[in-house]
Amino acid sequence: MTSPVTREAPVTVRVFTQRFSSTPRGARLARRLTLHQLDRWRIPYGSEASDTAALLVAELAANAVTHGRVPGRDFELTLSYTPGLRLRIDVSDTRGERRPAATTRGPLDEGGRGLLLVEALASRWAVLDRVPVGKTVRAELDLAVP
């Protein structure tokens, strides 16, 4: 007995990877290049997906620069886009011992709310080990098929 052949549409995953200096300027550049790359992938500036991705990259890059910085080491941004399905944002740094966690902050605390934003905006997020050293913070956005 043979099983029926089911044909599925081929899926092309588009990937963009870039390293940036672990400075506030590097974090800003990561956000700007994300918006540019998404526009090239036909996720236009000002769309909900583009704006959400920009906020996620801004927060994750700022965290990498602030909490994951090792002098002389860059951080890395990787965007993986499966058209119509998912956008994955990976921000990697070389400081593996400082792992982020979303925590509740008091109303008068000045910082510490960034990962609460990531948790609220992303469909999923996680902290992964990076080989050979460091960590990767991954945020995924599920995209609606137009």
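Buried residues (under 20% relative accessible area, with a 1.4 Å probe and protein chains only) make up 38% of the 146 residues in the protein. This is a predicted model, in which local features need pLDDT of at least 70, side-chain atom pairs count only at pLDDT 80 or more, and totals for chains, interfaces and linings use all residues. Residues are numbered from 1 along each chain as its sequence is written, and side-chain values use heavy atoms, leaving out hydrogens and water.

Q: In what order do the elements of the protein run from the N terminus on?
A: Helices (H or I, at least four residues) and strands (E, at least two) are DSSP runs numbered from the N terminus. The protein has three helices and five strands. From the N terminus on, their order is β-α-α-β-β-α-β-β.

Q: Is S22 buried or exposed?
A: S22 sits in the loop between β1 (14-20) and α1 (24-40). Its contacts (heavy atoms within 4.5 Å), leaving aside residues up to four places away in sequence, are V65, R69, R73, D74 and F75. With a relative accessible area of 7%, S22 is buried.

Q: Which residue's backbone oxygen does the side chain of S22 reach?
A: A polar contact is a pair of N or O atoms within 3.5 Å; within protein, one must be able to donate a hydrogen and the other to accept it, and residues adjacent in sequence count only if both atoms are side-chain atoms. At 2.9 Å, the side chain of S22 reaches the backbone oxygen of R73.

Q: How are the rings of W41 and Y81 arranged?
A: Rings of Phe, Tyr and Trp (its six-membered ring) pair if their centres lie within 6.5 Å; planes under 30 degrees apart count as stacked, over 60 as edge-to-face and the rest as tilted. By this rule there are two aromatic pairs. The centres of the W41 and Y81 rings are 5.6 Å apart and their planes at 15 degrees, so the pair is stacked.

Q: Which parts does the pair of W41 and Y81 tie together?
A: W41 is buried at 10% relative accessible area, and Y81 also counts as buried at 8%. The pair ties together parts 40 residues apart in sequence, because W41 lies in the loop between α1 and α2 and Y81 in strand β2 (residues 75-82).

Methods
Buried < 20%, exposed > 50% of the residue type's maximum accessible area, 1.4 Å probe, protein only.
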